[in-house]
Amino acid sequence: SVRVHVDQPTVALPDTLYGLFYEDINYAADGGLYAELVQNRSFEYFPVEGWSSRRGQMQPMYAWETIEPAGGHCVATVEDATPLNSRNPHYLRLQIEKGSDGAGIANSGFDGIRVVEGDVYDFSFYAKRNVNADSPVRITLKTEDGDIGSGRIDGLSESWAKYDVSITAKETTSNASLAITFVGAGVIEMDMISLFPRKTFNGRKNGLRADLVQALVDLKPAVFRFPGGCIAHGQGLDNAYRWKDTIGDVAERKPNWNLWGYHQTYGLGYFEYFLLCEDIGAEPLPILAVGVSCGFRDPRENAGMDDLQEWIDDAVDLVEFANGPVDSRWGKIRAEMGHPEPFNLKYVGLGNEDHHTPQFEERFPHFVRALRQQAPEIKIVGTSGLGPEIPIYEFMNTHGCDLSDEHYYESPEWFLSQTHRFDDFDRNKTKVFVGEYASKGNRLFNAVAEAAYLTGIERNADIVQMTAYAPLFARYGFTQWTAADLIWFDEKTVVRTPNYYVQQLFSLNKGDQYLANETQFRLDLSLEGTPARGRVGVGTWASQAIFDDVKVIAGSETLFGEAFDGTEGSEVASVINGSFDVVGGVCRQNDVSATPAMRLFDRSVEADELIISMRAKK
Ligand code: AHR
């Protein structure tokens, strides 16, 4: 039983308590949330030295193939002599020989393109032709069995221009390809070849997959931390996520490789992230690199102090992009992109799991100072690092961050043992954002462990102001992080894990105040048969430290009890304060073995009735 003292509120639960952490990992953006169906639409996939792409995305023609009719011939090459623009330097050149009507190229999407019968798909591309080529262009959705939808574009010009046509799918399939074919010979050049479902979340152009966004809406998240994670500060400075590369016309964004092993178009960029936050009702919390990269490689990959200003400007300018007036430099771009109203950005995160290096220490304070001076309304979220020890929390406190972001991926047993983690935190220091956590698994036990952990967070919500499970998304067959992910999906299915439902349970039922309470557990086990003989495991998934009284009542003579506190060599008595009473049976308290179990009881019984009750200390 639980006794709640409704007249004894302890701490207020902040509105921000349950949030999300989104990173482009496991194809969470391209091939995931971002609804684009064409993969490698602008031929900007490229090999990166020292980087291994697990799916082989090192080639500019990845996901494309040529279509040659019987007896015909065409050659496709990726070129950069006359690009669409300098930020999108590569394009496809298709040379078609005479007698090759129907030659062209086809894209296979992300292992097949998913289309639904009756739905409309918007095709667009940039193209130019040489003087000899002046044919109609046929755009077709194809399966092995034939065409399932098509459109036509006439009259390509001799300089880059954008063309579009919509196509209605005549069948539902996950295995379509998109073919672009030509009649007549000549040279055609193409770039930014795109196919979007008309149905995106809120019907937005360049929009997001409705079913995946709905899974976020259903969590009612208060905060949305993005774009990472490790991709925020990158594997080397060239790979850091620079938000200025991700805004404006999608054809002019500067794509990059993703340290998780694939390429990213940035079609889902900062403007779209801010829109998404509006759509799902969450406070945006962008994470910026502080001129220090991820640390997988050479720790000297830090911006030189002479070059630091452009990184600091990124932080200050981002506030202007989100909140500035429409006549400010960055606010104007926001308005031109279709959002003159400010996004009301309130938080900026500085760094992600950075190491406690002298370079980090030297650079970080410059960002805090600049934001305090130029955007004093912004709350600064620093980074405490990875692991329970939170190596740089004190540093964040010293530099006056409003919150500091701590991360851990541990076993469920660890989460159960940490329900009191914040009980003794200094309440006058920097507040905490548990910005990434997961108990390494998507089983029910993991979810229960996370739920137990969240009860400790709610009790300490004066310290922990925000939380976010991580990672958020994983596409089947495209994963880099399989230990645990909140939402799994493929091209048509969205799987909400047990961990998801725990997040939802807490988020949708968040109270305003934490109330003082006492808990009494009573487990009544009636064993069939008299006397019954067997082994009964009575497990309680809570930290033993919370129990101060345990009674075991057995209806027959023999009862052997063992209790573990999960610590090698510790004794039962120290766990339960010696209040281990047995009525009607014999209990033997064993010394604890090296069992790293969190179960309080695991006992052999011979009894016709066994009642165990435990009273919680807090
Ligand atoms: O969530 C996956 C990764 O785990 C994040 O990119 C990083 O911040 C953490 O180490």
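Lys 142 lies opposite Ser 177 of strand β12. This is a predicted model, in which local features need pLDDT of at least 70 and side-chain atom pairs count only at pLDDT 80 or more, while totals for chains, interfaces and linings use all residues. Residues are numbered from 1 along each chain as its sequence is written.

Strand β12 (residues 173–182) pairs with β9 in the antiparallel sense over six bridges. Strands here are DSSP runs of E, at least two residues long, numbered from the N terminus; two of them pair if DSSP finds at least two bridges between them. Strand β10 (residues 146–153) also pairs with β9 in the antiparallel sense, over six bridges. Val 137 has Ile 153 of β10 as its bridge partner, and two residues separate β9 from β10 in a hairpin.

## Burial of β9

Because five of the seven residues of β9 (residues 137–143) are buried, the strand is largely enclosed by the rest of the structure. Buried means that 20 or more other C-beta atoms, placed from the backbone, lie within 10 Å of the residue's own.

## Ligand shell

There are 13 residues around the ligand, and Gly 229, Cys 230, Glu 353, Ala 470 and Pro 471 come nearest.

## Confidence

The mean pLDDT (the predictor's confidence in each residue, from 0 to 100) is 85 for the protein, with 82% of its residues at 70 or more. For the complex, the predictor gives an ipTM of 0.99 and a pTM of 0.86.

Terms used
A residue is buried if 20 or more other C-beta atoms lie within 10 Å of its own, exposed if 12 or fewer, and partly exposed in between; C-beta atoms are placed from the backbone. Helices (H or I, at least four residues) and strands (E, at least two) are DSSP runs, numbered from the N terminus. A residue is near a molecule or strand if its C-beta atom, placed from the backbone, lies within 6 Å of it.
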